[in-house]
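Here's a quick briefing to read alongside the model. Have the viewer open as you go.

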Amino acid sequence: MSQGRVMSEFSFHQVDVFTTQPMAGNPLAVVVGADGLSERQMAAFANWTNLSETTFLLRPEDERADYRVRIFTPQGELPFAGHPTLGSCHVWLASGGVPKGDREIVQECAVGPVRIRREDDRLFFAAPPLRRSGAVAADVVAHAVAALRLPPAAVAASNWVDNGPGWLGLLLRSRAQVLAVTPDYAALDDLKIGIAGPWDPARDGDDAQYEVRAFYPPAVEDPVTGSLNAGLAQWLIGAGIAPARYVASQGTALGRQGRVHVAQDGTDIWIGGHVAPCIRGTVVL
């Protein structure tokens, strides 16, 4: 990707996460065996793919881990993200990775080791500790409500649910309210806002229990967001608002059919879903 440098081939995968159907979830690009790449090269390739995230699989530095991953958006590196965790693990396993443990796979990333489980044909990650939680200042809530063009009465509760990306969580009163939101992206400033609202079984069916959407600057709605769903689950289950097991739907407003499976096991919250392979080949970098 730069003049005068020897190019190398790497195994490359593109997968769709939180769906069984390709092109219905959140896409992820994964470069395997990327130890020879510099941070600058990783950032340049992630900028070129222009996907919400691109990941690079590396040898672990932590002896507890099975592999290490670096996660890049087109703008820079993230310490943790949910759908890249599940998609990267799927590709690591599909590329012949064998975990050290019998029950869990351990991924190393910037937030530390992340535990992953296989359950039937889904992968689940243990939600990492929240970096910021608790009450949101009234002026910040008012800013978020205005940016989402919501009436203040639409918000039932709010909480910080930041496990790395910086999420602010808002609980709305219904799925219909969630799907009706049309944000003023210019008014977001630096806020990253996740909203959730309960499904009405009589009107919405029983395929999921919550509808989720994720907005962040400059003008992006994320199709299906593992990190946000992890933070929301820690808040909603911990506060007794949501049950210990539920399914969240996300991506509906974008024509996607994402499904995020949430399960509490003891003190852990597990976030899971399917991964659908889409593209496999090599990339020259």
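Leaving aside its neighbours within four places in sequence, which residues is D204 in contact with? They are R175 and W199, where contact means heavy atoms within 4.5 Å.

This is a predicted model, in which local features need pLDDT of at least 70 and side-chain atom pairs count only at pLDDT 80 or more, while totals for chains, interfaces and linings use all residues. Residues are numbered from 1 along each chain as its sequence is written, and side-chain values use heavy atoms, with hydrogens and water left out.

**Around D204**
- D204 sits in helix α6 (residues 201-204); helices are DSSP runs of H or I, at least four residues, and strands are runs of E, at least two, both numbered from the N terminus.
- D204 is buried, at a relative accessible area of 17% (buried is under 20%, exposed over 50%, partly exposed in between, with a 1.4 Å probe and protein chains only).

**Helix α1**
- Q41, M42, F45, A46 and T49 are the buried residues of helix α1 (residues 39-49).
- Those residues lie on the same side of α1 because they cover an arc of only 130 degrees around the axis (taken from the directions from the helix axis to the C-beta atoms).
- Over on the other side of α1, R40 and W48 are exposed.
- The buried residues of α1 pack against β1 (9-17), β2 (26-31), β3 (54-58), β4 (67-72) and β18 (275-284).
- Just after α1, N50 has a positive phi of about 60 degrees.

**Nonpolar cores**
- The largest nonpolar core has 48 residues, and Y246 and I271 have the most contacts inside it (a core is a set of buried Ala, Val, Leu, Ile, Met, Phe, Trp, Tyr and Cys residues joined through side-chain atoms within 4.5 Å).
- Helix α7 (residues 226-238) gives the most to this core, with 7 residues.
- Another core, of 20 residues, lies apart from it, with L148, L170, L188 and I193 among them.
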